[in-house]
Amino acid sequence: MTIRELNRKQTAYKNKLKKIEQFVNSFQSADETKDYIELTSKLNSINDILKELDNLQKDYCALPDKVELNNSLDILSDMEEDAEKFKVSILVFLSKYEEQETENSKLSPKSYIKLPDLPLPTFSGKFQEFENFKTQFMSVIGNNDSLNESQKLMFLKSALKNEAALIQSDQDNFDAILKALENRYENKRALVDIHIAGILSINKLHNENPTQIRSLIDTVRNHMRFLKNLKLESNSLSDAIILNVLNNKIDKESSQRLFQLSLTTTQVHSLQDFLSFLDLRCIHLESVIKSDFAEKSILIKNKSPSGVNNSRWKSFLTKDKNKTSTSVESNSNQGQKACVICNQFKKHSVYNCEMFSFPFGEI
């Protein structure tokens with residue numbers, strides 16, 4: 001690089017420093033957020049200029065001895081001094097904002113909530129559980145920078161159970177044990193076989209029990225999700241095969257017949273359509289069960305302790321009200337004598353009876 005090119009770069013940096021000087025001299029606090037961002041930006045610019053001035057000085061010194069530098073190095077030194085002065089001014093401005101922020105943080109109330117300790121994930125040697133175990137263990141232990149390799153190894157060994165605890169490696173360290181686990185349990189072919197077998201071995205439903213139907217739906221979706229994670233996407237052929245399997249697992253007299261009736265075309269529907277139908281079927285069945293339970297509860301509440309239905313007993317009293325009241329009245333008047341004239345159970349003598357005082361023609 002020639003002396004002329006270096007002088008041009010020097011002039012460019014000098015112009016940048018002049019703009020920063022104008023900013024520092026005219027700075028007045030207005031908006032805290034905006035001011036803080038601007039000051040931080042100017043500070044970064046000064047740091048960049050100082051680095052470039054240092055490189056520029058090295059380039060000047062690298063020129064041949066016959067090249068006349070004149071006062072280029074002196075100008076460069078003055079520029080570095082000015083940059084340092086502007087840097088100090090900006091740091092002073094920033095310190096005021098940081099002090100204010102610290103003061104505000106002390107005044108603002110903080111609520112500390114103690115969260116429950118997370119249990120350490122465990123792995124017992126099932127192929128289909130290894131991926132979830134590895135993800136959880138690495139996020140909690142494996143990628144924890146505060147733990148050393150010995151501590152990670154200790155946590156890993158304590159997390160392995162049953163068959164997985166017997167695994168061995170060439171070296172007794174965290175990376176070696178984890179690699180041995182990956183070699184054994186990250187077996188894509190074995191995982192695919194396990195999840196397909198899980199769908200084929202679903203228990204057959206002999207009646208429309210919403211709990212069992214939901215269990216079937218969850219099982220299918222769980223296996224399909226794992227297969228998708230293994231980069232095996234479902235298609236129309238796989239949906240047709242799984243639909244054929246599931247049709248033989250559900251109640252033919254109701255759910256299967258209703259699903260066939262819901263189809264409006266002769267095209268093969270997707271597995272998702274079938275599972276959505278079963279979801280809706282579960283909602284209907286649960287509604288019917290709740291309704292039947294409510295009716296039975298009402299009947300039980302209306303029964304008397306002796307086992308007689310209270311509603312029927314009330315209707316009996318209503319229909320035979322006169323008879324019942326007469327019977328009750330007769331029971332309550334036992335031991336009393338009736339008047340011989342009016343034949344009523346009233347406490348009065350014969351000569352005080354209302355009918356006795358009537359003229360004979362009115363009797």
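Predicted model: local features only at pLDDT ≥ 70, side-chain atom pairs only at ≥ 80, totals over all residues.
Trainee: What share of the accessible surface of the protein chain belongs to carbon and sulfur atoms?

Mentor: The accessible surface of the chain amounts to about 26300 Å². Of the 363 residues, 27% count as buried. The part of the accessible surface that belongs to carbon and sulfur atoms is 52%.

Trainee: Among contacts with a separation of 6 or more, what percentage comes from residues 24 or more positions apart?

Mentor: A contact requires heavy atoms within 4.5 Å. For contacts in the chain with a separation of 6 or more, residues 24 or more positions apart account for 64%.

Trainee: Beyond its neighbours within four places in sequence, with which residues is Leu-39 in contact?

Mentor: Leu-39 is one of the core residues that touch the most other members. With neighbours within four places left aside, the contacts of Leu-39 are Phe-23, Phe-27, Ile-90, Phe-93, Leu-94 and Tyr-97.

Trainee: A second, separate core is also present; how many residues does it have?

Mentor: This core includes Leu-205, Leu-246, Leu-271 and Leu-275. Its size is 23 residues.

Trainee: Is the aromatic pair of Phe-23 and Phe-27 stacked, edge-to-face or tilted?

Mentor: The whole structure contains ten aromatic pairs. Planes under 30 degrees apart would count as stacked and over 60 as edge-to-face, so the remaining class applies.

Trainee: Which residue has its charged end over the ring of Phe-23?

Mentor: A charge counts as sitting over a ring only within 6 Å of the ring centre and within 35 degrees of the ring normal. The charged end in question is 5.3 Å from the centre of the Phe-23 ring, and it belongs to Lys-42.

Trainee: Which residues form the cluster linked by ring pairs?

Mentor: Several of the buried residues of α4 are phenylalanines, among them Phe-130, Phe-133 and Phe-137. What covers the buried residues of α4 includes α5 and α6. The cluster consists of Phe-123, Phe-127, Phe-130, Phe-133, Phe-137, Phe-174 and Tyr-185.

Trainee: In the salt bridge of Lys-134 with Glu-182, how far apart are the closest N and O atoms?

Mentor: The bridge links distant parts of the chain, with Lys-134 in helix α4 (residues 127–142) and Glu-182 in helix α6 (residues 174–185), 48 residues apart. Lys-134 is partly exposed at 21% relative accessibility, whereas Glu-182 is buried at 16%. The closest N and O atoms are separated by 2.8 Å.

Trainee: Where does Asp-172, the salt-bridge partner of Lys-157, lie?

Mentor: The closest N and O atoms of this bridge are 2.9 Å apart. Lys-157 is partly exposed, with a relative accessible area of 42%, and Asp-172 is exposed at 54%. Lys-157 lies in helix α5 (residues 149–159), and the pair ties together parts 15 residues apart in sequence, since Asp-172 lies in the loop between α5 and α6.

Trainee: Which residues make up the network of salt bridges that share partners?

Mentor: The whole structure has five salt bridges. In one of them, Asp-279 and Arg-221 meet at 2.9 Å, N to O, which links helix α11 (residues 271–301) with helix α8 (residues 210–229) across 58 residues. The network comprises Arg-214, Arg-221 and Asp-279.

Trainee: What distance separates the C-alpha atoms of Asn-229 and Glu-131?

Mentor: Asn-229 is placed in helix α8 and counts as exposed, at 55% relative accessibility. Asn-229 and Glu-131 are 98 residues apart along the chain, and their C-alpha atoms are separated by 10.0 Å.

Methods: Residues numbered from 1 in each chain as written. Heavy atoms only, no water. Buried < 20%, exposed > 50% of the residue type's maximum accessible area, 1.4 Å probe, protein only. Areas by Shrake-Rupley, 256 points an atom, 1.4 Å probe, with all protein chains shown as cover. Phe/Tyr/Trp six-rings, centres within 6.5 Å; stacked < 30°, edge-to-face > 60°. Salt bridge = Lys/Arg side-chain N within 4 Å of Asp/Glu carboxyl O. Helix = DSSP H or I, 4+ residues; strand = E, 2+ residues; numbered from the N terminus. Core = buried A, V, L, I, M, F, W, Y, C linked by side-chain atoms within 4.5 Å.
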